[in-house]
Amino acid sequence: NTISDNLEENPRFTDFDNQDYYPRRNSPLIDAGVNTGLSLDYAQNARLQADAPDIGPFETPYRSVSAEPLPVLGTKAFISLTLLLLFIGLVAMNR
């Protein structure tokens with residue numbers, strides 16, 4: 001037998017090198033499984049905690065999210081954004 005629609009991207013485990021195969025919050029494994037009728041996962045947690053079961057032995061309480069990481073602001077962008085928000089706040093207070 002073969003399984004169609006295999007996952008071919010990084011599963012984003014918590015710590016693969018140290019054998020921690022629990023999915024991270026942005027893992028494509030979340031809500032991507034098929035409900036097989038199991039009520040508990042490997043850690044004895046409820047198997048169905050969201051829209052669909054997760055792929056793998058562990059069920060997370062997370063809902064599926066975009067696998068793309070959020071952009072990280074550099075120091076200059078963070079300072080600029082902070083100053084802009086501070087300026088907007090001061091303008092709003094002086095009205």
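Helices (H or I, at least four residues) and strands (E, at least two) are DSSP runs, numbered from the N terminus. The views below show a predicted model, in which local features need pLDDT of at least 70 and side-chain atom pairs count only at pLDDT 80 or more, while totals for chains, interfaces and linings use all residues. Residues are numbered from 1 along each chain as its sequence is written, and side-chain values use heavy atoms, with hydrogens and water left out.

**View 1. Confidence across the model.**
The predictor's confidence in each residue is given as pLDDT, from 0 to 100. The protein has an average pLDDT of 79, and 80% of the residues score at least 70. Confidence is highest in β1, at 90, and lowest in α1, at a mean of 75. Where pLDDT is low, the predicted coordinates should not be read in detail.

**View 2**
Strand β1 (residues 13-15) pairs with β2 in the antiparallel sense, over two bridges; two strands count as paired if DSSP finds at least two bridges between them. Asp15 stands opposite Asp20 in β2. Four residues lie between the strands of this hairpin, where Gln19 takes a positive phi near 60 degrees. In a regular strand the side chains alternate between the two faces of the sheet.

Rings of Phe, Tyr and Trp (its six-membered ring) pair if their centres lie within 6.5 Å; planes under 30 degrees apart count as stacked, over 60 as edge-to-face and the rest as tilted. The structure holds five such aromatic pairs. One of them joins Phe13 and Tyr21, whose ring centres are 5.4 Å apart and whose planes stand at 75 degrees, so the pair is edge-to-face. Residues are called buried under 20% relative accessible area, exposed over 50%, and partly exposed in between (1.4 Å probe, protein chains only). Phe13 is partly exposed, with a relative accessible area of 21%, and Tyr21 is likewise partly exposed, at 34%. Another pair is that of Tyr22 and Phe58: the ring centres are 6.0 Å apart and the planes are at 50 degrees, so this pair is tilted. Because Tyr22 lies in strand β2 and Phe58 in the loop between β2 and α1, the pair ties together parts that are 36 residues apart in sequence. Tyr22 is partly exposed at 25% relative accessible area, whereas Phe58 counts as buried at 19%. Phe13, Phe16 and Tyr21 form one aromatic cluster.

Side chains of opposite charge can pair when their charged atoms come close. A salt bridge is a side-chain nitrogen of Lys or Arg within 4 Å of a carboxyl oxygen of Asp or Glu. A search of the whole structure finds one salt bridge. The side chains of Arg47 and Glu59 meet in a salt bridge, at 3.5 Å from N to O. Arg47 and Glu59 both lie in the loop between β2 and α1, 12 residues apart, and the pair links distant parts of the chain. Both Arg47 and Glu59 are buried.

Most residues other than glycine have a negative phi, and most peptide bonds are trans. Asp31 has a positive phi, near 60 degrees, and Gln44 has a positive phi near 70 degrees.

Arg25 is found in the loop between β2 (20-23) and α1, and counts as exposed because its relative accessibility is 55%. Arg25 and Thr14 are 11 residues apart in sequence, with a C-alpha to C-alpha distance of 8.9 Å. Asp54 is also found in the loop between β2 and α1, but counts as buried at 2% relative accessibility. The C-alpha atoms of Asp54 and Pro28 are separated by 8.8 Å, although the residues are 26 apart along the chain.

**View 2. A nonpolar surface patch.**
Leu81, Leu84, Leu85, Phe87, Ile88 and Val91 make a nonpolar surface patch of about 550 Å². Patches are made of residues with over 30% relative accessible area and no salt bridge; like charges are joined within 9 Å, and nonpolar side chains (Val, Leu, Ile, Met, Phe, Trp, Tyr) within 5 Å. Accessible areas come from the Shrake-Rupley method with a 1.4 Å probe; for residues, only the protein chains shown count as cover. Val91 lies in helix α1 (residues 75-93), and is partly exposed, with a relative accessible area of 31%.
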